[in-house]
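Here is a short tour of a protein model, meant to be read with the structure open beside you. Shall we see which strands and helices pack together, and how?

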Number of protein chains: 2
Amino acid sequence: MMQPMAKRVQSAGFKLTPPRQAVLQVLEESREHLTPAEVLARAQAIYPSLGRATVYRTIELLINLGVVRPIFLGARGMCLTLAEGGHHHLICFECGSVIEFEECTVGELEQELAQRLNFQIRGHLLEFYGVCERCHD
Amino acid sequence: MMQPMAKRVQSAGFKLTPPRQAVLQVLEESREHLTPAEVLARAQAIYPSLGRATVYRTIELLINLGVVRPIFLGARGMCLTLAEGGHHHLICFECGSVIEFEECTVGELEQELAQRLNFQIRGHLLEFYGVCERCHD
DNA sequence: CCTATAATGAAACACGGTCTCAATGAGAAC
DNA sequence: GTTCTCATTGAGACCGTGTTTCATTATAGG
């Protein structure tokens, strides 16, 4: 069965080339928060002649298709994450560490905003900022 | 009365110089989401000989003091915002527009996480991503 | 007023990301 | 399968953001 990202690229009318497949595979398999530079490095391991411009072009394409989304992750800088669903972090001012959590209480608010503003919501990000256990006291 | 940011800089043991005051004034007055480059431009209007390095050093200082905080705002890239309190955005995949809203339902969750993880929470960011009214249909 | 030293601007530097352009190859038409 | 077209590609020049270095300046405390 075809990878879901590849399907979305193709059904949006874009060609499914080996360079693009390498980038898609990296983003799909890692399911992590990678920087574009890390995506480049990993995708070049799959398809060595891959150029920087192609990676950035593919990322831009995927962002426009709503498949991935950039988030700014503290000290790591800009990273990519899957666009669907929620992401929840606690970030420490001092050491920059990122703690993920699962609980989320924004479901109702999401519904209400979507309706009131006629906005198709596909994902969300909830981050708390402060000082972690190790950095205060 | 002294501007609150200036006070925090001084009471943390840092000198309050004219270049720093220019940067503080820009961040304090605009109460917007400015990029570092925009801060530089506006602060140079106040203190023309201001150098780029000083702006970046001052921003880093303020981030470490927990006064401002970087956020990644869709197409605008990395911007600065006041660290305290909450910030709430709806961001469109297609056109990158940012809509702010006020309602927020994360207060209880904030309390609970702070207690459970022993984390001093000072602010938060809640963003929804999707397609705005003008960009779908 | 003097002094120690934090803070500064200029300039070189590093790097991420964009753009241009000629070459390539995917996929449609037949 | 063959041909054609045009999206896609990699190389490399380019640009702007952010960092580092270093000699100079000026703040705040004594």
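This is a predicted model: local features need pLDDT of at least 70, side-chain atom pairs count only at pLDDT 80 or more; totals for chains, interfaces and linings use all residues.

Residues are numbered from 1 along each chain as its sequence is written, chains are lettered from A and ligands numbered from 1 in the order in which they are written, and side-chain values use heavy atoms, with hydrogens and water left out.

Strand S3(B) covers residues 85-92, and six of its eight residues are buried (under 20% relative accessible area, with exposed being over 50% and partly exposed in between, for a 1.4 Å probe and protein chains only). S3(B) runs parallel to S5(B), residues 120-131, and eight bridges join the two. Another facing pair here is His88(B) and Leu126(B). Strands are DSSP runs of E with at least two residues, helices are runs of H or I with at least four, and both are numbered from the N terminus; two strands pair if DSSP finds at least two bridges between them.

With S4(B), residues 98-100, S3(B) pairs in the antiparallel sense over three bridges. His89(B) has Glu100(B) as its bridge partner in S4(B). Five residues lie between the strands of this hairpin, and Gly96(B) takes a positive phi near 75° there.

## The sheet across both chains

Let's step back to the sheet. Six strands make up an open sheet with mixed pairing, in the order S4(A)-S3(A)-S5(A)-S5(B)-S3(B)-S4(B). Its edge strands are S4 (98-100) of chain A and S4 of chain B, each pairing on one side only. From one strand to the next, the twist averages 25°.

## Two helices in chain A

How do H3(A) and H4(A) pack? Helix H3(A), residues 36-46, and helix H4(A), residues 52-64, meet at an angle of about 120° with their axes 10 Å apart. That angle makes H3(A) oblique to H4(A). Axes are lines fitted to C-alpha atoms, for helices over the stretch in contact, and angles run from 0 to 180 degrees between N-to-C directions; those under 35 degrees count as roughly parallel, over 145 as roughly antiparallel, 65 to 115 as roughly perpendicular and the rest as oblique.
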